[in-house]
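Notebook open, structure loaded. I wanted to look up a few side chains and jot down what sits where.

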Amino acid sequence: MAASPSHPDAPRRSAWAVWRELLRLTGRVLALALQPDSYRGPRWPVVARHLVHAALPALWWYTVLSALAGQVLIRIVVVTAQGYGLSQYAVEMVVRVLVLELLPLAAALFVLLRVMMAHAAELRRAWRQDRWAALVAAGGNPWRDRVLPVALGGAFATVLLTVVSSVVACVLAYLNLYGFSPWALAVYTRAVGHIFDPVVSLIFALKTLGFALAVALVPLSAMFDERRPSDVRALVRTASVLLAVELLALVGNYW
């Protein structure tokens, strides 16, 4: 006998089913993303439009907001380090705390809340109203034509905002430490390069990619939820994956 919605085992099975469908969705989207046919003919303008609409409208003001927040944190770190006579460690503290940890997570949360939740709700409505069946009957591929462009847009926006805000933070750190003098540029780039050794650079790239995939795919798994759909539930799942990626990155960097 099937479990009723009030059965204590029903939510557990439904939750496991959603995570299982998330793994299937991830594999399917990654397979489509690696196929050249996904970008040929009329599909490329659709993908390009999602890439632009996901990242470009918020790029400038997200950069301004991240620069203002970064300036406050950088100034606090620099003044505190100078007060304790630890100015030589200010660069490492700023880069490790702000660039390696905070900015990628902030970019992922920003794209999740601003871009992906709205697209996930739209795809969920299409899934539940059987509009996918109509698209299949017309000869289309909903996964390639609907899901893939949305996922690529979310992933691209996360990576782009992370890179731009990280570069701005490094520039602000230099200006706070050395002003507009170019004579300390060699010392500063050497210090930053010492932090971004091959291992740290690889972990940073993998973490950014993991955040991008989590933001792009986990909210979309809500359309497979057999229970009443909830944006809060999708946010919790995405936050759980982001936390897991962050913990793995911390283990790789500091252990």
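Predicted model: local features only at pLDDT ≥ 70, side-chain atom pairs only at ≥ 80, totals over all residues.

Before the first entry, a reminder to myself: I call it a polar contact when a pair of N or O atoms lies within 3.5 Å, and within protein one of them must be able to donate a hydrogen and the other to accept it.

**Entry: Thr238**

I started with Thr238, which I found in helix H8, residues 231–254. Its side chain reaches the backbone oxygen of Ala234 at 2.8 Å, so this falls within the 3.5 Å cut-off. Is Thr238 buried or exposed? I looked it up: Thr238 has 0% relative accessibility and counts as buried, because buried means under 20%.

**Entry: Val99**

Next I went to helix H3, residues 90–128, where Val99 lies. Val99 is buried too, with a relative accessible area of 2%. Which residue did I check it against? I took Ala169, which is 70 residues apart from Val99 along the chain, and the two C-alpha atoms are separated by 7.0 Å.

**Entry: nonpolar patch**

Then I turned to the surface. I noted a nonpolar patch there, formed by Val159, Val163, Val167, Val171, Leu175 and Phe180. Together they have about 560 Å² of accessible area. I followed up on one of them, Leu175, and placed it in helix H5, residues 142–178. Leu175 is partly exposed, at a relative accessible area of 30%.

**Entry: aromatic rings**

How many aromatic pairs are there? I get a count of seven, with ring centres required to lie within 6.5 Å. Tyr39 and Trp44 are one of the pairs, edge-to-face at 6.5 Å centre to centre, with 65 degrees between the planes. I call that edge-to-face because the angle is over 60 degrees. Tyr39 is partly exposed at 27% relative accessibility, and Trp44 is also partly exposed, at 42%.

Phe196 and Phe204 make another edge-to-face pair, and here I wrote down 5.9 Å between centres and 85 degrees between planes. Phe196 counts as partly exposed at 22% relative accessibility, whereas Phe204 counts as buried at 17%.

**Entry: a charge over a ring**

What lies over its face? I found Arg28 there, at 4.3 Å from the ring centre.

Key
Residues numbered from 1 in each chain as written. Heavy atoms only, no water. Phe/Tyr/Trp six-rings, centres within 6.5 Å; stacked < 30°, edge-to-face > 60°. Buried < 20%, exposed > 50% of the residue type's maximum accessible area, 1.4 Å probe, protein only. Lys NZ or Arg CZ within 6 Å of the ring centre and 35° of its normal. Patch = residues over 30% accessible without salt bridge, like charges linked within 9 Å, V, L, I, M, F, W, Y side chains within 5 Å. Areas by Shrake-Rupley, 256 points an atom, 1.4 Å probe, with all protein chains shown as cover. Salt bridge = Lys/Arg side-chain N within 4 Å of Asp/Glu carboxyl O. Helix = DSSP H or I, 4+ residues; strand = E, 2+ residues; numbered from the N terminus.
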